[in-house]
Amino acid sequence: MLPVRRALVSVFDKTGLEDLGSGLAKLGVEIVSTGGTARQLAAGGVPVTAVSEITGHPEILHGRVKSLHPRIFGGILADRRRSEHRDELEEHEIPPIDLVAVNLYPFADAAAAPDASEDGTVEMIDIGGPSMVRAAAKNFANVAVVVDPSDYPVVLAALESEGGLSEEVRRGLALKAFRHTRSYDAAIADWLANGAAPAPVDRPDALPHAVRLELEQVLQPRYGENPHQAAAVYREVGGAGVFGGFRQLQGKELSWNNLLDADAARKLSALFDGPDEDPTVVIVKHNNPCGVGRGGTLVEAYERALACDPVSAFGSIIAVNRPFDGALAEAMAKLFVEVVTAPAYEPAALERLGRKKNLRLLECLAFSPVPGQWELRAIEGGFLGQQIDAAPEDPAGWNCPTRAQPDAAQLRALDFAWKVCRATKSNAIVVTNEHQTVGIGAGQMSRVDSCRIALDKAELELAGTVAASDAFFPFRDGVDTLAAAGVTAIAQPGGSVRDDEIVAAADEHGIAMVLTGRRHFKH
């Protein structure tokens with residue numbers, strides 16, 4: 001048990017400072033402090049000793065140097081279990097320090113400020129603070145370190161009830177301190193990297209040679225994909241947050257599967273966020289779309305999306321590309337839905353949806369990838385990294401090698417089908433009309449099987465529809481199958497050694513085929 005007789009307190013974030021200072025003073029602890037911290041403590045009636053009185057040297061260089069002195073760091077780093085260390089402290093008249101309460105300049109906030117300058121940001125790189133934190137954390141056998149104001153009450157309570165701080169408490173505080181300085185240094189390194197010349201790479205689109213992941217837990221679902229699997233949700237420290245930051249407005253806690261499906265729905269919905277896009281409703285089940293519709297209103301879009309596969313829509317996740325309105329909430333009243341995600345909700349929608357107490361409502365901005373954004377996926381012992389599949393598609397750049405050319409309505413339908421196809425697990429075949437999905441074949445080992453499933457699932461008229469394939473047709477059987485069902489136009493990337501045979505099959509059936517030139521596998 002470590003009694004605390006002397007504490008060094010130097011904090012940028014003054015949250016809880018008066019309570020900490022007065023609590024320590026009541027316990028007879030001598031408080032050593034610097035600058036603004038010392039002034040605020042003194043103003044609150046807390047006796048305080050200036051660091052300069054310990055060091056015998058004033059603060060210099062506009063505060064850049066104040067605590068960096070042997071009389072401070074000797075008091076923090078001395079291992080008082082060793083007689084020679086105790087003798088040296090006595091010889092040099094260095095007072096031992098038992099508690100270090102320090103938090104750091106808010107570098108990340110300063111660097112992210114819209115008006116941030118390089119010189120101003122550099123001044124927010126703390127030197128003395130991290131040095132004291134690391135010194136105290138290293139010497140946790142003899143010193144306690146506190147970097148989080150939320151820990152002040154815990155420390156004070158332990159000192160009052162136990163008369164000191166246990167090794168278990170000190171070790172936990174040291175762990176938290178080293179994690180804190182690690183994140184702090186990483187934020188500085190990231191800022192410097194953003195302004196540095198890029199290192200030579202083999203390709204201009206190459207991913208970084210080293211990746212730092214700093215994650216913190218933000219949610220704890222009841223379980224993972226299955227009840228026997230523990231799970232947690234993490235956000236990147238310093239990032240915008242899960243889904244770019246979201247609010248859950250009502251409903252049960254989110255499950256692992258809810259989050260995966262909501263992510264898929266939100267990303268597909270984002271493909272219909274352009275200024276010329278109609279209101280669109282996306283219905284997702286098990287990470288695949290089971291219905292997508294667009295129309296003059298969200299209600300019309302929803303009815304079209306639901307008509308594709310109303311059975312699979314039970315227990316689904318729904319995303320919309322417009323503020324969720326009351327009419328849509330009324331139209332959805334009879335369908336059991338797990339999660340809804342929308343950029344906003346009208347009051348009438350909240351009132352109607354609120355009658356389903358377990359329905360999870362998420363409010364979050366549309367997914368908006370930035371150029372060069374990339375993603376990681378875990379495999380055993382490592383990660384796969386890739387640029388996200390966010391390349392824009394322009395139907396005007398598609399090539400049509402068939403005799404039949406798509407008319408304006410077919411081209412609009414093909415664009416719709418292609419958007420949905422790129423968000424469907426491969427091998428993917430998506431059959432649509434101009435306004436809605438008609439049949440979806442997802443995740444099959446054979447492309448022709450995906451064609452058959454898409455057609456078998458169709459509950460709407462197939463004659464006159466179009467289809468999209470996320471990758472080339474290896475054989476003509478897929479084209480034959482789609483054409484026999486009434487599909488009149490197909491979008492596919494091309495690139496097969498049998499492209500000529502595939503195009504010839506389309507010509508035999510008198511259907512149009514466009515080659516997009518880009519594959520969209522989604523594993």
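Strands here are DSSP E runs of at least two residues, helices are H or I runs of at least four, both numbered from the N terminus. Two strands pair if DSSP finds at least two bridges between them.

This is a predicted model, where local features need pLDDT of at least 70, side-chain atom pairs count only at pLDDT 80 or more, and totals for chains, interfaces and linings use all residues. Residues are numbered from 1 along each chain as its sequence is written, and side-chain values use heavy atoms, leaving out hydrogens and water.

Next, select 280–285, strand S9. S9 and S10 run antiparallel, joined by six bridges. Find valine 282: opposite it, in S10, stands valine 292.

Angles run from 0 to 180 degrees between N-to-C directions; axes are lines fitted to C-alpha atoms, for helices over the stretch in contact.

Now move to H4 (70–77) and H8 (128–138). Their axes are 8 Å apart, at an angle of about 30 degrees. H4 and H8 are therefore roughly parallel (angles under 35 degrees). Show the contact (heavy atoms within 4.5 Å): Ile72, Phe73, Ile76 and Leu77 of H4 meet H8 residues including Met132 and Ala135.

Terms used
Parallel < 35°, antiparallel > 145°, perpendicular 65-115°, else oblique.
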